[in-house]
Amino acid sequence: MRGIQGKVYTVTGAASGIGQATTVRLAQLGATGIAISDVDVVGLEKTKKLYTLGEAHDTKITTRRVDVRVVEDVNRWIEDTYTEFGKLDGAANVAGVAGGDGDTTVETIVQKDWDFTMGVNVNGVMHCMRAQLAKLTKPGGSIVNVSSTSGLHGLPHSAAYSTSKFAVIGLTESAAGEFGKAGVRINAILPGPTDTKIFRDGEEKGLFSADAMGGSTLLGRMGSADEIANVLCFMLSDEASFVTGGKLRTWLSGLTLLMFV
Ligand SMILES: NC(=O)c1ccc[n+]([C@@H]2O[C@H](COP(=O)([O-])OP(=O)(O)OC[C@H]3O[C@@H](n4cnc5c(N)ncnc54)[C@H](O)[C@@H]3O)[C@@H](O)[C@H]2O)c1
């Protein structure tokens, strides 16, 4: 894939799932440096090992415990990454939480649960983008934020999650309009059901059945973290050089086909 080699990236939520797969893919594509963060430090080390085990690579991967809700930690992490590598070419803002359970409604949702979901999924992306945009290579830099197909339509019993993912699209489109003329691209990807921890946790809480969700997609199955990471890396890369403010759905049910909207 053109335009990943020699570049420096940050990835949040890199301890598992889509963030982990994105880190490995960026490294395989020849990124020079990848600063990965998460609240799960054990998972971060696993991600690093996944990449380095048994292969000779040149990518330098740094790990840091960063809770994306904490603005000072995010700022320090991005500053330190810039100091360490001398530049920042792109960012994948992947960290997210599901929030909600099988019974909660907008009437009964507990304020602290709402605040927690918004804190990670909305404030977290905002904290990251603000710090990244100050350092990003201009022209040529690129950011991909992870929203969800639930950012396009409401999700009963998961109002906080759905609302937070709508907000990620708003942030993405607004920033894309602000930075496009500086040569910076900012896009959102909207994964459908993907076989990762957040999805399996949702199933355990009774929010949905994985089989039913997978079966309802056009391909009749869930996606894998690797499949989503491939799309994310494409959006980060120069291959997507005329795509900004995009909402790339990686799955749709019903009649709509994979498309840019
Ligand atoms: N899996 C799906 O079906 C699906 C569908 C649509 C969107 N998404 C989105 O994809 C993104 C990645 O999720 P995933 O599917 O890889 O699940 P995952 O649970 O495997 O990964 C989420 C990661 O975010 C980290 N995280 C949670 N809170 C954090 C915080 N405060 N600060 C830093 N890191 C934090 C977790 O530790 C975890 O490693 C999320 O934003 C999620 O909402 C997933």
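Visitor: Where is Glu239 found?

Guide: Glu239 is found in the loop between helix 8 and strand 7 (247-249). Helices (H or I, at least four residues) and strands (E, at least two) are DSSP runs, numbered from the N terminus. Residues are numbered from 1 along each chain as its sequence is written, and side-chain values use heavy atoms, with hydrogens and water left out. This is a predicted model: local features need pLDDT of at least 70, side-chain atom pairs count only at pLDDT 80 or more, and totals for chains, interfaces and linings use all residues.

Visitor: Is Glu239 buried, exposed or partly exposed?

Guide: The classes are set by relative accessible area: buried means under 20%, exposed over 50%, and partly exposed in between (1.4 Å probe, protein chains only). Glu239 has 37%, so it counts as partly exposed. In sequence Glu239 and Gly3 are 236 residues apart, yet in space 7.2 Å separates them, C-alpha to C-alpha.

Visitor: Which class does Thr217 belong to?

Guide: Thr217 is buried, because its relative accessible area is 7%. Thr217 sits in the loop between helix 7 (210-215) and helix 8 (225-236).

Visitor: What does the side chain of Thr217 reach?

Guide: A polar contact is a pair of N or O atoms within 3.5 Å; within protein, one must be able to donate a hydrogen and the other to accept it, and residues adjacent in sequence count only if both atoms are side-chain atoms. Here the side chain of Thr217 reaches the backbone oxygen of Arg221 at 2.9 Å.

Visitor: What is the volume of the largest pocket?

Guide: The search runs on a 1 Å grid over the protein atoms alone. A cavity is a set of points where a 1.4 Å probe fits but cannot get out, and a pocket is an open set with protein on both sides within 12 Å along at least five of seven lines; lining residues have an atom within 4 Å of a point. Grid points are joined across faces, edges and corners, and a volume is the space filled by probe spheres set on the points. For the largest pocket this comes to about 1200 Å³. The lining has 48 residues, and Gly96, Val97, Ala98, Ile198 and Phe199 are the closest to the centre.

Visitor: Which helices supply the lining of the largest pocket?

Guide: At least two lining residues come from each of helix 1 (17-28), helix 4 (111-135), helix 5 (159-179) and helix 6 (197-204). Helix 6 gives the largest share, five residues. Ile198 is found in helix 6, and at 32% relative accessibility Ile198 counts as partly exposed.

Visitor: How many residues of each class are in the lining?

Guide: Ala, Val, Leu, Ile, Met, Phe, Trp, Tyr, Cys and Pro count as nonpolar, Asp, Glu, Lys and Arg as charged, and the others, Gly among them, as polar. The lining of the largest pocket has 23 nonpolar, 17 polar and eight charged residues.

Visitor: Which residues come nearest to the ligand?

Guide: A residue is near a molecule if one of its heavy atoms lies within 4 Å of it. Of the 28 residues around the ligand, Ser16, Ile18, Asp38, Tyr161 and Thr196 come nearest. An N or O atom in the side chain of Asp38 is 2.5 Å from an oxygen atom of the ligand. On the backbone side, a polar atom of Thr194 is 2.8 Å from a ligand oxygen. The ligand on its own has 830 Å² of accessible area, of which the protein covers 93%. Such areas come from the Shrake-Rupley method with a 1.4 Å probe; for residues, only the protein chains shown count as cover.

Visitor: Which residues does a cis peptide bond join?

Guide: The cis bond joins Lys138 and Pro139, with omega about 5°. Pro139 is in the loop between helix 4 and strand 5 (142-146).
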